[in-house]
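Student: Could we go through this model together, starting with the overall fold and then moving to the salt bridges?

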Amino acid sequence: MTTDPYAVPDMDELLEQVRRQTEEVQRIQRSVEAMEVKAHSRNNEVTVTLRGDGRFTSIDIDPETVRRYDARNLGEIVLEAVNNGLQKLAENSAAKFAPVIEQAGSLES
């Protein structure tokens with residue numbers, strides 16, 4: 001099937017397509033914001049919980065870890081768990097949006 005490069009697209013159809021995609025993106029955004037992610041430091045000394053909007057709701061530190069490490073090392077362990085949480089959140093968010101991004105890409109070709 002060859003398409004006429006000078007054909008005028010059906011504007012109503014295009015607008016409806018944009019509206020559907022916008023609704024889908026908004027639905028996914030609400031889903032991401034409601035998501036909760038848990039992550040840990042490498043040796044599970046620290047566990048963090050964050051919501052899809054990027055706000056941390058808890059940071060739990062193993063009491064033995066507090067006794068074993070000085071403030072600097074403890075800060076590094078907490079930072080490791082926080083960064084792991086942010087990375088997990090980014091990966092989970094990207095996975096939720098992937099179908100819409102793929103669909104948009106296929107429409108451009």
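This is a predicted model: local features need pLDDT of at least 70, side-chain atom pairs count only at pLDDT 80 or more; totals for chains, interfaces and linings use all residues.

Student: What pattern does the protein follow along the sequence?

Tutor: The pattern is α-β-β-β-α-α, where helices (H or I, at least four residues) and strands (E, at least two) are DSSP runs numbered from the N terminus. The radius of gyration, taken over C-alpha atoms, is 22 Å, well over the 13 Å that the globule rule (2.2 Å times the number of residues to the power 0.38) gives for 109 residues, so the protein is more spread out than a compact globule.

Student: And what does the C-alpha trace span along its principal axes?

Tutor: The trace spans about 75 × 25 × 20 Å.

Student: Switching to the sheet, in which order do the strands come?

Tutor: The 3 strands form an open sheet in the order β1-β2-β3 with antiparallel pairing, two strands being paired if DSSP finds at least two bridges between them. The edge strands are β1 (36-40) and β3, each of which pairs on one side only. Strand β2 (residues 46-51) pairs with β3 over 5 bridges, and Thr47 stands opposite Asp60 in β3.

Student: How many salt bridges are there in the whole structure?

Tutor: A search finds 8, a salt bridge being a side-chain nitrogen of Lys or Arg within 4 Å of a carboxyl oxygen of Asp or Glu. One of them joins Arg42 and Glu80, with the closest N and O atoms 2.9 Å apart. That pair links distant parts of the chain, 38 residues apart, with Arg42 in the loop between β1 and β2 and Glu80 in helix α3 (residues 71-108).

Student: Is Arg42 buried or exposed?

Tutor: Arg42 counts as exposed at 68% relative accessibility, whereas Glu80, at 25%, counts as partly exposed; buried means under 20% relative accessible area, exposed over 50%, and partly exposed in between (1.4 Å probe, protein chains only).

Key: Residues are numbered from 1 along each chain as its sequence is written. Side-chain values use heavy atoms; hydrogens and water are left out.
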